[in-house]
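I opened the model to look up a few local features. My entries follow in the order I made them.

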Amino acid sequence: MIHVVGAGLAGLAAAVRLVQRGQPVALYEAAQQAGGRCRSFFDRALGRVIDNGNHLLVSGNRSALAYLDALGAADSLIGPRDAIFPFLDLASGERWVVRPNRGPLPIWLLLPGRRVPGTRLGGYLASWRLARADDRHNVADCLCTDDLLWRRFWSPLATAVLNTPPKTGSARLLWAALRESFAHGAAGCRPLIARTSLAASLVDPALQFLHRHRVQLAFGQRLRAVRLEDRQVRSLDFGQRGIELGAGDRVILALPPAQAAALLPELTAPDASHSIVNGHFRLAHPVRLPGGSVLLGLVGGTAEWLFVRDELVSLTVSAADALADEPSEAIAAHLWADTAAALGLPATPQPPARIVKERRATFAQTPEQVARRPPAATRWANLFLAGDWTATGLPATIEGAIRSGNVAADLAVKQSETKAR
Ligand SMILES: Cc1cc2nc3c(=O)[nH]c(=O)nc-3n(C[C@H](O)[C@H](O)[C@H](O)COP(=O)(O)OP(=O)(O)OC[C@H]3O[C@@H](n4cnc5c(N)ncnc54)[C@H](O)[C@@H]3O)c2cc1C
């Protein structure tokens, strides 16, 4: 049996992969619902299901798309037909659309109408310095951080990708995200969001798949201790319930870094994090953005990105530690001001709102913290780690979480095959 602990996307991906590889699986989750940091819930104030926060995928997220495909949920994502990123500078009122061309040659950079107004080709080409960055470099070591291109493109992009104050973020990780998206042209960076909710796209189809394959799913099961002996996990302690492991049993811990480190004191893991704040507003009518876009980049306001889904408008502020300390009513007022300006709506009255503060949204993706990411294999032969904070080489994202689950599952299967020989 392979015991997977944690039913966020990393744990779900691991469990799905193990089933696909014919392994018996049990999945345990502390909460009463799956999804972890990528979840949906019914909100009374808004009278509808909302997500804890906007989650953007792009067409280059190959592991996430393969996961959805395996679950029959690939068509649950929506997005524009082309790779378009509309922006608004709230200070000047200027609007523009970043439109990468098809194919990997970045011809769009030569066409002023497709790039950020007022910027020059050279500023984009400087991104080659990100490609050559090593583990110690942060974004400010590689890019000019006091020009218009920084303010209107690199800063909102790096803040969103790394959920870290952009100058201090890891240049390597930012490049890893660009390499798998923008570097493939429009084919790699078409923006995608869940059509109805994160749960309906990324979580419920996985639970249905696991039910169909008779996987034991146990909610409300918080792992409290792990007994380790002779380089092996011997037992799992869930409080009311204890599980003794047999010779062929393996464990995948797919927990957030702080919880994994508390259970495994010898583990080195990222130990700093940043918040993400999301504000959701339910308008009286559905909202449409030009070109069928699902998001709008905002410069010079509180939020960096505004997303629309029917009559729901949701704004994201990443690296939002200071904002998260403000009362929700004050945050709602800031974010509604951005929304009203962006959509040309009257500033009053403010419609029903919900502010969601995720205090530990992701680990702080600085070079120092990235150096603390552990690999999936551990010094305990039957124990593997998964999670967006493990050493995936990618930022802490859905793509990274799913890839980490796949890697941990494959290692667990390989170990049992090696043992059987
Ligand atoms: C607001 C917000 C916005 C985001 N936006 C984006 C985005 O736009 N694009 C993107 O790609 N990514 C985004 N992310 C990141 C993405 O959500 C995460 O990378 C991903 O969900 C992490 O999954 P995980 O399985 O690694 O961890 P988690 O989701 O944290 O899963 C860990 C699970 O373990 C459970 N658990 C904890 N302790 C125990 C225990 N002791 N015993 C049993 N279970 C336990 C938890 O309840 C949880 O379900 C965002 C995250 C947030 C919070």
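Helices (H or I, at least four residues) and strands (E, at least two) are DSSP runs, numbered from the N terminus. Residues are numbered from 1 along each chain as its sequence is written, and side-chain values use heavy atoms, with hydrogens and water left out. The model is predicted: local features need pLDDT of at least 70, side-chain atom pairs count only at pLDDT 80 or more, and totals for chains, interfaces and linings use all residues.

**Entry 1: backbone**

I looked up A319 and found it in the loop between strand 18 and helix 11 (321-324). A319 is not a glycine, yet its phi is positive, about 45 degrees. I then checked its cover: A319 is partly exposed, with a relative accessible area of 25%. Here buried means under 20% relative accessible area, exposed over 50%, and partly exposed in between (1.4 Å probe, protein chains only).

D310 also has a positive phi, about 55 degrees, without being a glycine. I located D310 in the loop between strand 17 (305-309) and strand 18 (312-317). Its relative accessible area is 42%, which I noted as partly exposed.

Next I checked the peptide bond from T348 to P349, which is cis with omega near -5 degrees. P349 sits in the loop between helix 12 (328-343) and strand 19.

I traced an open sheet of three strands in the order 11-12-13, with antiparallel pairing. Two strands pair if DSSP finds at least two bridges between them. Strand 11 (225-229) and strand 13 (242-244) are at the edges with a single partner strand each, so one side of each has no neighbour in the sheet. Strand 12 (residues 232-237) pairs with strand 13 in the antiparallel sense over three bridges. I picked out D237, whose bridge partner in strand 13 is G242.

**Entry 2: the ligand**

I then listed polar contacts, meaning pairs of N or O atoms within 3.5 Å. A polar side-chain atom of E29 is 2.6 Å from a ligand oxygen atom. L56 places a backbone N or O atom 2.7 Å from an oxygen atom of the ligand. For L223, a backbone N or O atom is 2.8 Å from a ligand nitrogen atom.

How values were computed:
A polar contact is a pair of N or O atoms within 3.5 Å; within protein, one must be able to donate a hydrogen and the other to accept it, and residues adjacent in sequence count only if both atoms are side-chain atoms.
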